[in-house]
Amino acid sequence: PFLEFKEDLEAIIHSHLPVRFRPPKPSISPSMTFNDIWVEEFIMILRVATMWNMKAIRDLAVYHLADRYMVLCHRIEIALTYNIRIWIKPCIMQLARTRGGRLTYAQCRQIGLEATYVVGCLHELQLHEENPKSQKNGFNGRNNPGDSSELFDKIIRNNGWDWAGVTGLKL
């Protein structure tokens, strides 16, 4: 635990030093891209800032991570781990659209049971919206299944999950 904390603290200090004073990072793998290094360093900063309740540094880390490329499952994992509310709903909805609800076992483990369940429900809604027969029969007892944003909010509310502040976000 101490070594992990030491690396996280070094990442925070590293991010605040001018470039000319930064020591080389020996732990960087040659196969890592600049984006990978950037993301990993800001995740370490986010971890320590969250642990020590350093709001300004945490917000800075979230800001810098927001525009970096990350696989959606990784972004969802980070959002749920560090309670980045503004990422959860849009990322889960995008995952349901792009993956068609089909996740690998590793992806399901990465994002957790609740997020996997929501992706599956959103995918089911998407299938019913694409199939006119299911709309005529009334998916979920209604003539119109509603949009995926409404369904997302309903799933979170009905299951009482502690994703405070997630429902009601606009994409």
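Reader: Where is Asn-53 placed?

Author: Asn-53 sits in the loop between α2 and α3. Helices here are DSSP runs of H or I with at least four residues, strands are runs of E with at least two, and both are numbered from the N terminus. At 71% relative accessibility, Asn-53 counts as exposed. Buried means under 20% relative accessible area, exposed over 50%, and partly exposed in between, using a 1.4 Å probe and protein chains only.

Reader: What is the phi of Asn-53 near?

Author: Start with the general idea: most residues other than glycine have a negative phi. Phi of Asn-53 is near 55°, a positive value in a residue other than glycine. Asn-83 also has a phi near 55°; Asn-83 lies in the loop between α4 and α5 and is partly exposed at 38% relative accessibility.

Reader: What kind of model is this, and how are residues numbered?

Author: This is a predicted model, where local features need pLDDT of at least 70 and side-chain atom pairs count only at pLDDT 80 or more, while totals for chains, interfaces and linings use all residues. Residues are numbered from 1 along each chain as its sequence is written, and side-chain values use heavy atoms, leaving out hydrogens and water.

Reader: How many helices and strands does the chain have?

Author: The chain has 8 helices and 0 strands. Of its 171 residues, 36% count as buried.

Reader: How do I describe two packed helices, and at what angle do α4 and α5 cross?

Author: Two packed helices are described by the angle between their axes and the distance between the axes. The axes are lines fitted to C-alpha atoms, for helices over the stretch in contact, with angles from 0 to 180 degrees between N-to-C directions. For α4 (residues 72-81) and α5 (residues 85-98), the axes come within 9 Å and cross at roughly 155°. The two helices are therefore roughly antiparallel; angles under 35 degrees count as roughly parallel, over 145 as roughly antiparallel, 65 to 115 as roughly perpendicular and the rest as oblique.

Reader: Which residues of α4 and α5 meet?

Author: Contact means heavy atoms within 4.5 Å. Among the residues that meet are Leu-72, Ile-76 and Leu-80 in α4, and Trp-87, Ile-92 and Thr-98 in α5. By class, this contact of α4 with α5 has 11 nonpolar, 2 polar and 1 charged residues. Here Ala, Val, Leu, Ile, Met, Phe, Trp, Tyr, Cys and Pro count as nonpolar, Asp, Glu, Lys and Arg as charged, and the others, Gly among them, as polar.

Reader: Is Ile-76 buried or exposed?

Author: Ile-76, in helix α4, is buried, with a relative accessible area of 1%. Leaving aside residues up to four places away in sequence, Ile-76 touches Cys-91, Ile-92, Leu-95, Ile-111 and Ala-115. Ile-76 and Ala-115 are 39 residues apart in sequence and 8.4 Å apart in space, C-alpha to C-alpha.

Reader: Which residues touch the most other members of the largest nonpolar core?

Author: In soluble globular proteins, nonpolar side chains tend to be buried together. A nonpolar core is a set of buried Ala, Val, Leu, Ile, Met, Phe, Trp, Tyr and Cys residues joined through side-chain atoms within 4.5 Å. The largest one has 37 residues, of which Trp-87 and Ile-92 touch the most other members. Helices that each supply at least two residues of this core include α2 (34-51) and α6 (105-130).
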